[in-house]
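Here are my notes on the model you sent over. Have it open beside you as you read, and go through the points in order.

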Amino acid sequence: MSQINQLFFQDVVDFLTENVEINSENKNQLDLIAKAYYNYIIHLDKLIDNEIPINQNLLTSNPLFNLTNHYELCIKTLIKLFGEDSSIFESKAKYSKIYFDALIKEKLWNFDSTILSKEEFEQIAVEKHIPVFFIVDGINLLQSNYPSKDIKLMLSYIFKGIQMYDDITDIGDDLQTKQFTYIISNTIQYLKNDNDYYPENQLYTHKAFFALEELSNPQFDFMQEQFSSAKEIAQKYNLVKIVKWVDAINTQLKDWRNQIDEIRNA
């Protein structure tokens, strides 16, 4: 998971409640809920992706124990803030189911033969981040006139931009671990069409061809479009912190794109 991904989700409550009239205690509890659930997912993702090797060291800091603690803290704080019979639990269950289904879908893709369309990528990108939507529903319970529909649309743009960023950033690791992504799908098809696909040398071949204009430029255009669309909604509701976050990301994308252009033209 990339640094921009982590920074955004660690601060998501602060971002989304910038102009919301809720007391500081409720906001702190909502922030605790978001962070606890986020940390629960982080530990779970690492276990599912086999990023945590099973060894003696786990007895000191056991990820299974940690993720359970984070989940329990999330539920306890939800009850404290909203009560046991709140609709927030239906919202959480709905979006959690979508998220966990997305994890399974990813594992069912075949690295060498699956062709992932742009529409499928956009859907899975939103689904892999969608638990944040129950936080939006929680804010709406605390302030009834909260523009939940527009906020979820804004977040969907951000999710798609972040997922593309992650897929590009992690391409080397994903190739080595055969973690299938939209970027890898595009690259494999490009190489196969050009009769230049050598699975035994995936890391070198894929990274070399990714620098080509045919592959990198559309992905950078896509990220900038998604973040710009998110920024428009953030500006509409005067979410200055999200606007600044998006501006920082777009600056980084511009620098990154210039570096690839320099490599391409060297």
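**Notes on salt bridges and helix packing**

1. Let me start with Glu106, which counts as buried at 12% relative accessibility. For the terms, buried means under 20% relative accessible area, exposed means over 50%, and partly exposed is in between (1.4 Å probe, protein chains only). A word on the source: this is a predicted model, where local features need pLDDT of at least 70, side-chain atom pairs count only at pLDDT 80 or more, and totals for chains, interfaces and linings use all residues. Residues are numbered from 1 along each chain as its sequence is written, and side-chain values use heavy atoms, with hydrogens and water left out.

2. What does Glu106 pair with? Lys128 forms a salt bridge with Glu106, and the closest N and O atoms are 2.9 Å apart. Here a salt bridge is a side-chain nitrogen of Lys or Arg within 4 Å of a carboxyl oxygen of Asp or Glu. Lys128 sits in the loop between α6 and α7 (132-142) and Glu106 in helix α5, so this pair ties together parts that are 22 residues apart in sequence. Helices (H or I, at least four residues) and strands (E, at least two) are DSSP runs, numbered from the N terminus. Lys128 is partly exposed, at 21% relative accessible area.

3. Next, look at Lys105. Lys105 makes a salt bridge with Glu127, with 3.1 Å between the closest N and O atoms. Since Lys105 belongs to helix α5 (residues 88-108) and Glu127 to helix α6 (residues 118-127), the pair ties together parts that are 22 residues apart in sequence.

4. Another one joins Asp247 and Lys231, whose closest N and O atoms are 2.6 Å apart. Asp247 is in helix α13 (residues 240-265) and Lys231 in helix α12 (residues 213-236), so the pair ties together parts that are 16 residues apart in sequence. Both are partly exposed: Asp247 has a relative accessible area of 31%, and Lys231 has one of 21%.

5. Now for the packing of α12 and α13. How are their axes set? The angle is about 165° and the axes are 10 Å apart; axes are lines fitted to C-alpha atoms, for helices over the stretch in contact, and angles run from 0 to 180 degrees between N-to-C directions. That makes α12 roughly antiparallel to α13. On the cut-offs, under 35 degrees is roughly parallel, over 145 roughly antiparallel, 65 to 115 roughly perpendicular and the rest oblique. The crossing of α12 past α13 is left-handed, meaning that the near helix is turned anticlockwise from the far one by less than a right angle, with clockwise giving a right-handed crossing.

6. Who touches whom in that pair? From α12, the residues in contact include Phe220, Met223, Phe227 and Lys231, and from α13 they include Trp245, Asp247, Leu253 and Trp256. Contact means heavy atoms within 4.5 Å. By class, the contact of α12 with α13 has twelve nonpolar, six polar and six charged residues. The classes are Ala, Val, Leu, Ile, Met, Phe, Trp, Tyr, Cys and Pro as nonpolar, Asp, Glu, Lys and Arg as charged, and the others, Gly among them, as polar.

7. Most residues other than glycine have a negative phi. Asn238 has a positive phi, near 55°, and counts as partly exposed at 46% relative accessibility.

8. Last, the other helix pair. Helix α3 (residues 24-48) packs with α5 at an angle of about 20°, their axes being 13 Å apart. That makes α3 roughly parallel to α5. The crossing of α3 past α5 is right-handed. The contact includes Tyr37, Tyr40 and Leu44 of α3 and Tyr99, Phe100 and Leu103 of α5. By class, the α3 and α5 contact has eight nonpolar, one polar and three charged residues.
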